Amino acid sequence: MGLLGIIGGSGFTALPETEIVDRQRVETPYGAPSAELLTLRHDGQEFRFLPRHGADHGIPPHAINYRANIQALCDSGVTQIVALGAVGGIADDCGPLRLCVPDQLIDYTWGRPSTYFDGAGGDVVHVDFSAPFAQVLRERLLASAQGLGLDPRDGGTYAVTQGPRLETAGEIRRLERDGCDLVGMTAMPEAVLARERALDYALLAFVVNWAAGKREGEVGMGEIRANLVRCQDSVRRLLLAFVAAA
Ligand code: HPA
């Protein structure tokens, strides 16, 4: 087992149940990561933690420095990343509060610096990305969730949209025709940068709303915020179980 890094998403800027062992403000050749890199301890296990949107949740999805975040985790010795992400549900069995461990993604983002291999070093590199999420981490996440009776969804395709606006109902119908089950804004380029740095990466997605047009009416920020809070307990328990089982 290598050193674990957890990337916190919306609603997860800290893990208060754990002990803070160290906090480092680091720099990378790509700039500064979203926040201080924390080293946390739980049940005798140390791991790193980085909140993707910043310590006070001020950085929107399209403005995150994904390259600096992954580089900082990599430089600190992390070899496995579990990323958290709030998502909208598209598939019928992906309603609010469902936990999902996707096995595929489709990237609809644009204009984000999305590779370390941009030609500057003289190398042209094409990484294999057939399976964007590490199966070993997926299985461990699913086992931890099942052990807590959380009924996680095993697999599914995560559509990564640009944001920060939510989608139109027409866009969600298109994503559904493309075979997407979930929609969020942050899994790319995070997942591919982890692959380029040869880090295992898996995503724990938690559904905070029905995607646009999947139910009557608008998608309300009030509903999203309330469901973020409602998901917190199960996501936290799952992470702690995951860390303890390492
Ligand atoms: N769309 C995109 N990203 C999201 C959503 C959504 O409906 N909900 C939470 N993150």
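Modeller: By class, the shell around the ligand has 6 nonpolar, 3 polar and 1 charged residues. Here Ala, Val, Leu, Ile, Met, Phe, Trp, Tyr, Cys and Pro count as nonpolar, Asp, Glu, Lys and Arg as charged, and the others, Gly among them, as polar. The model is predicted: local features need pLDDT of at least 70 and side-chain atom pairs pLDDT 80 or more, while totals for chains, interfaces and linings use all residues. Residues are numbered from 1 along each chain as its sequence is written, and side-chain values use heavy atoms, with hydrogens and water left out.

The residues around the ligand are Ala 86, Val 87, Gly 88, Leu 166, Glu 167, Val 183, Gly 184, Met 185, Val 208 and Asn 209; a residue is near a molecule if one of its heavy atoms lies within 4 Å of it. Strand S5 (78-89), strand S10 (182-184) and strand S11 (200-210) each give two or more residues to this shell. S5 gives the most, with 3 residues. Strands (E, at least two residues) and helices (H or I, at least four) are DSSP runs, numbered from the N terminus.

From Asn 209, an N or O atom of the side chain is 2.6 Å from a nitrogen atom of the ligand. A polar contact is a pair of N or O atoms within 3.5 Å; within protein, one must be able to donate a hydrogen and the other to accept it, and residues adjacent in sequence count only if both atoms are side-chain atoms.

On its own, the ligand has 260 Å² of accessible area, and the protein covers 92% of this. Such areas come from the Shrake-Rupley method with a 1.4 Å probe; for residues, only the protein chains shown count as cover.

The ligand sits in the largest pocket, where sitting there takes more than half of its atoms within 2 Å of the grid points. A pocket is an open set of points, on a 1 Å grid over the protein atoms alone, with protein on both sides within 12 Å along at least five of seven lines.

How values were computed. 1 Å grid on protein atoms, 1.4 Å probe; cavity = no way out; pocket = protein on both sides within 12 Å on 5 of 7 lines; lining within 4 Å.
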